[in-house]
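Q: I'm opening this one for the first time, and I'd like to go through it slowly. Could you walk me through it once it's on the screen?

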Amino acid sequence: MISLSFISLLSKRSRSAVAFSTISPFSFSYSKRLTSPPLLQNFHQQQYMIKNNVRRTSLCKMATDAQELTELKRLVDDAKEIIRTNLETIPNCGILQQQISDLEIESSHPDFWNDPSDPRTKRVNQELTKKNRLLERLEMWDKLFEECDTALELLDDIKRQNSFSGNADDEEMVELIVEECKVAAKKLLDDGKKYELESLLNGKLDDKPARIILTAGAGGTEACDWVDMLHRMYLRHAERMEYRATIQEKSAGDVVGYKSVEILIEGTNAYGWFRGEKGAHRLVRLSPFNANNKRQTTFAGVDVIPVLEDEEIEDIEIPESELEITTMRSGGKGGQNVNKVESGVRIKHLPTGINVKCTQERSQHLNRDIAMKRVKAQLLALAQEQRCEEINAIRGDAVEAAWGAQVRNYVLQPYKMVKDQRTNWETSDTQGFLDGNLEDCIGELLRARSREERLASDGAIY
């Protein structure tokens, strides 16, 4: 027989089982959390924080993507705006192709190449090269336009359809589209700004090669070193702008640097691009040639002269009474001829103060002819700048490398700043500027001169 005590024990366990089975899941989980060890509670808290961080990161990424897309659209709009402005001054592709075809027909004539030095032959070749480059540029703009529009359409479709699921493949695709669009828009904007500046180089002599003459001014040895620094700056800038630079003549300083340097710059619109560099350039720095390491100011003169063909200056007549001609020994390599014979020539134009020296040839006669051509070229350039009809009306315009005549200041101590006195353009990146990054400064000067010429032509005073 089963004892009563055993039956009572079974009934108690049955009641406990029924009571246990009627507990709600919430109560069970709550009681389980209350009775779970501290390590398990920390695990639940960490999982909750991870979910919140993922949600917060996703929201931040969405905001960042929206901001990046807005900036990308703004960059594309800026590029398109400057291109549209440039296209207003350019004939369409059909007209341009017809002009190129006409020039090619003219250049294919049997008699065209009889005399390659003929001015007509040179003019046709220059026009043909110029228009072919312009047509290539228009085709490049059209291609970049299409790339930007296609990329923005793809990004808008992804945003509108919510097809960006957040996985790694989608993220990589969107980043690739954005990066390609940025590259195309940046290239379009930079080339548009470059063409805008090139369109300002429309002067009569702007397409000529340029001769840059650097001369040490007040400052002694420091000035010679300053000429060397400018010489390096212009060579690097010419390389950045894809010009061909050649050292024509240089005179070494007594200790370091150069007393004078002459650089020939050849390329499209070389004179028009560099002519604004003419003037006195002032340097302020702690002089490495000063025993007390004191701050010192020094100057260098920069003169820019167009290189003209003989037929362009043969009509210019200069009275002998306005010229002061002296001879000197050239020195340097060349044997006794240049070291003992006065083969070098210096010509000074008294009314303007223009001073030209030539020692590049072994013959005094040849040096005199070259110096005279340079004087005439400089007078013709001054006549254009001062809008004079006659050479006799030109005012004195000699570069004076001294106090009060500077066109640009280069301050390296106690602070760093390069400032152009004519446009008030300035930068604190002095090292980058001395390394040849002159585009922004020269561009601002070209825009200022264009405004002045436009106002002058309208009869207004700028």
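Q: Let's start with P414, where is it placed?
A: P414 sits in the loop between strand 9 (406-411) and strand 10 (417-420), where helices (H or I, at least four residues) and strands (E, at least two) are DSSP runs numbered from the N terminus. The peptide bond that leads from Q413 to P414 is cis, with omega near 10°.

Q: Before we go on, what kind of model is this, and what goes into the values?
A: This is a predicted model, in which local features need pLDDT of at least 70 and side-chain atom pairs count only at pLDDT 80 or more, while totals for chains, interfaces and linings use all residues. Residues are numbered from 1 along each chain as its sequence is written, and side-chain values use heavy atoms, with hydrogens and water left out.

Q: OK, salt bridges then. How many salt bridges does the count come to?
A: The count comes to 22 salt bridges, taking a salt bridge as a side-chain nitrogen of Lys or Arg within 4 Å of a carboxyl oxygen of Asp or Glu. As a general point, side chains of opposite charge can pair when their charged atoms come close.

Q: Which residue does E198 meet in a salt bridge?
A: The partner of E198 is R137, and the N to O distance between their side chains is 2.9 Å. E198 belongs to helix 6 (residues 168-200) and R137 to helix 5 (residues 119-161), so this pair ties together parts that are 61 residues apart in sequence.

Q: And is R137 buried or exposed?
A: R137 counts as buried, at 14% relative accessibility, whereas E198 is partly exposed at 28%. Buried here means under 20% relative accessible area, exposed means over 50%, and partly exposed is in between (1.4 Å probe, protein chains only).

Q: What about D303, which residue does it meet in a salt bridge?
A: The side chain of D303 meets that of K278, at 4.0 Å from N to O. D303 lies in strand 5 (residues 295-306) and K278 in the loop between helix 8 (270-274) and strand 4 (279-286), so the pair ties together parts that are 25 residues apart in sequence. D303 counts as buried at 15% relative accessibility, and K278 counts as buried at 14%.

Q: How far apart are R447 and E444 in helix 13?
A: They are three residues apart in helix 13 (residues 439-457), which means that about one helical turn separates them. R447 is partly exposed at 26% relative accessibility, and E444 is partly exposed at 25%. Elsewhere, salt bridges that share partners join E277, R408, D420 and R422 into one network.

Q: Which residues line the largest cavity?
A: The lining is made up of G272, W273, R275, G276, E277, I442, L445, L446 and R449. Helix 8 and helix 13 are the elements that give two or more residues to this lining, and helix 13 gives the most, with four.

Q: How do the residues of that lining divide by type?
A: They divide into four nonpolar, two polar and three charged. Ala, Val, Leu, Ile, Met, Phe, Trp, Tyr, Cys and Pro count as nonpolar, Asp, Glu, Lys and Arg as charged, and the others, Gly among them, as polar.

Q: Last one, how many bridges join strand 1 to strand 3?
A: Six bridges join strand 1 to strand 3 (residues 258-266), and the two run antiparallel; strands pair if DSSP finds at least two bridges between them. In this pairing I213 has E262 of strand 3 as its bridge partner. Strand 1 also runs antiparallel to strand 5, with seven bridges joining them, and there R211 is partnered by I305. Strand 1 (residues 210-216) is mostly covered, with five of its seven residues buried.

Note on methods
1 Å grid on protein atoms, 1.4 Å probe; cavity = no way out; pocket = protein on both sides within 12 Å on 5 of 7 lines; lining within 4 Å.
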